[in-house]
Amino acid sequence: MIKPTKTRRQLHKELEQQVQDFLHQGGHVNEVPRGLSGRLDANSPLISIFDGSSQEDRTPLPDVVAAIEARKKPQLAHKPKKLRPRKKVILDDFGQPLRWEWVEE
């Protein structure tokens, strides 16, 4: 059996009711001014959460890359294309075609 899902309107109404119940039972909400940080010293730069220097732990990769490249299939060298003869039109002095000739270039 599938549990029916709530619509956004139902979730919003339920959350609003929970907030109202909290306030009626004597609870109160503290307002925090905009732009206030939760850090102890907001003016200091952020502290890195990573330990150690990233430069020390690096592995030199040129040897690894060279080994991987050596295992790849060698690329087939392209054979020079054999030039095929082509038809060329021979024109007369007035630009009219006279005949076709086969020319190797």
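Two strands pair if DSSP finds at least two bridges between them. Strands (E, at least two residues) and helices (H or I, at least four) are DSSP runs, numbered from the N terminus. In this predicted model, I90 stands opposite R99 in β2. Local features need pLDDT of at least 70, side-chain atom pairs count only at pLDDT 80 or more, and totals for chains, interfaces and linings use all residues. Residues are numbered from 1 along each chain as its sequence is written, and side-chain values use heavy atoms, without hydrogens and water.

- Strands β1 (residues 86–91) and β2 (residues 97–103) run antiparallel and are joined by six bridges.
- β2 is hardly covered: of its seven residues, the count of buried ones (under 20% relative accessible area) is zero.

**Rings**
- K87 lies over the face of W100, 5.1 Å from the ring centre (cut-offs: NZ of Lys or CZ of Arg within 6 Å of the centre and within 35 degrees of the ring normal).
- The structure holds zero aromatic pairs (ring centres of Phe, Tyr or Trp, its six-membered ring, within 6.5 Å).

**Nonpolar patch**
- L15, V19, F22, L23 and V29 make a nonpolar surface patch of about 450 Å² (residues over 30% relative accessible area, no salt bridge, nonpolar side chains joined within 5 Å; areas by Shrake-Rupley, 1.4 Å probe).
- V29 sits in the loop between α1 (8–24) and α2 (62–71).
- V29 is exposed (over 50%), at a relative accessible area of 59%.

Definitions and conventions. Patch = residues over 30% accessible without salt bridge, like charges linked within 9 Å, V, L, I, M, F, W, Y side chains within 5 Å. Salt bridge = Lys/Arg side-chain N within 4 Å of Asp/Glu carboxyl O. Buried < 20%, exposed > 50% of the residue type's maximum accessible area, 1.4 Å probe, protein only. Phe/Tyr/Trp six-rings, centres within 6.5 Å; stacked < 30°, edge-to-face > 60°.
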